Amino acid sequence: MHLGRARRMPFQRTSTPKRIARSWLKSCRSGKAVRLELSIVSFCNVVTLAELHVLVNNSGSNWAAPYDEYPSAGWNRVLTLNLHRVFTITQLLTPLLERAAAPNDPARVINIGSVDGIRVPAHETFAYSASKAGLHHMSRVLAHHLGKRNITCVSVTSAFMVLG
């Protein structure tokens with residue numbers, strides 16, 4: 001693992017954020033994965049934590065509509081939840097991540113992306129695909145910035161294979 005570097009790591013579609021966090025903890029150190037369902041509204045419930053070793057952002061909303069009818073409301077809802085809120089939650093929890101980071105054991109941010117942010121999807125999900133592509137790039141930008149604070153950032157996607 002390189003500080004300040006983003007990696008895209010494929011996981012099976014059945015991988016849950018808790019499984020992903022556990023695999024990171026298992027590979028780095030002993031630890032315990034705790035699921036915290038968090039929204040901006042419930043953020044106050046989490047600030048009582050002393051430190052946070054791994055943050056898994058698994059935010060996702062979708063909106064499908066034909067190109068000629070795709071509404072602004074779809075863009076606003078999907079981009080806000082899939083991209084803006086991921087940034088906001090990460091920003092708000094950065095002090096807890098900094099406290100958990102050790103010289104040879106950085107804290108980690110794992111953003112759950114999508115293959116639809118990498119390839120052209122089969123469905124007309126314009127905002128979703130754009131938001132997940134943005135999430136992959138934002139993860140690289142955050143990796144560069146947060147790496148200086150001893151926090152790594154990666155985006156992961158679920159992988160699939162077509163067997164024929």
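Set aside the neighbours within four places in sequence, and P71 is in contact with W63 and A65. This is a predicted model. P71 is found in the loop between β2 and α2. Its relative accessible area is 25%, so P71 is partly exposed. A127 is 56 residues away from P71 along the chain, and the C-alpha atoms of the two are separated by 10.0 Å.

Stay in that loop and turn to the aromatic rings. How many aromatic pairs are there? The count comes to three. Take Y70 and W75 to begin with. Their ring centres are 5.9 Å apart. Their planes stand at 65 degrees, so the pair is edge-to-face; the cut-off for that label is over 60 degrees. Y70 has 13% relative accessibility and therefore counts as buried. W75 has 31% relative accessibility, so W75 counts as partly exposed.

Y70 also pairs with F126. Here the ring centres are 5.3 Å apart. The planes of Y70 and F126 meet at 85 degrees, so this pair is edge-to-face too. Where do the two partners sit? Y70 lies in the loop between β2 (54-57) and α2 (72-100). F126 belongs to helix α3, residues 126-147. F126 counts as partly exposed because its relative accessibility is 30%.

Now put the rings together. Y67, Y70, W75 and F126 form one aromatic cluster. Y67 lies in the loop between β2 and α2. Is Y67 buried or exposed? At 59% relative accessibility, Y67 counts as exposed. Y70, at 13%, counts as buried. The cluster has a surface side as well: Y67, W75 and F126 make a nonpolar surface patch of about 320 Å².

Next come the charged side chains. Side chains of opposite charge can pair when their charged atoms come close. The structure holds three salt bridges.

One of them joins R149 and E98, at 3.8 Å from N to O. This pair links distant parts of the chain. R149 is in the loop between α3 and β4 (151-159). E98 is in helix α2, 51 residues apart from R149. How accessible are the two partners? R149 has 37% relative accessibility, so R149 counts as partly exposed. E98 has 34%, so E98 also counts as partly exposed.

Another salt bridge is formed by the side chains of D105 and R108, at 3.3 Å from N to O. Are these two residues buried or exposed? D105 has 16% relative accessibility and so counts as buried. R108 has a relative accessible area of 6%, so R108 is buried. The cut-off for buried is under 20%.

D116 forms a salt bridge with R119. The closest N and O atoms of D116 and R119 are 3.3 Å apart. R119 has 36%, so R119 counts as partly exposed.

Two links across the chain deserve a second look on the model. R149 and E98 link the loop between α3 and β4 to helix α2.

Terms used: Residues are numbered from 1 along each chain as its sequence is written. This is a predicted model: local features need pLDDT of at least 70, side-chain atom pairs count only at pLDDT 80 or more; totals for chains, interfaces and linings use all residues. Side-chain values use heavy atoms; hydrogens and water are left out. Rings of Phe, Tyr and Trp (its six-membered ring) pair if their centres lie within 6.5 Å; planes under 30 degrees apart count as stacked, over 60 as edge-to-face and the rest as tilted. Buried means under 20% relative accessible area, exposed over 50%, partly exposed in between (1.4 Å probe, protein chains only). Helices (H or I, at least four residues) and strands (E, at least two) are DSSP runs, numbered from the N terminus. Patches are made of residues with over 30% relative accessible area and no salt bridge: like charges are joined within 9 Å, nonpolar side chains (Val, Leu, Ile, Met, Phe, Trp, Tyr) within 5 Å. Accessible areas come from the Shrake-Rupley method with a 1.4 Å probe; for residues, only the protein chains shown count as cover. A salt bridge is a side-chain nitrogen of Lys or Arg within 4 Å of a carboxyl oxygen of Asp or Glu. Contact means heavy atoms within 4.5 Å.
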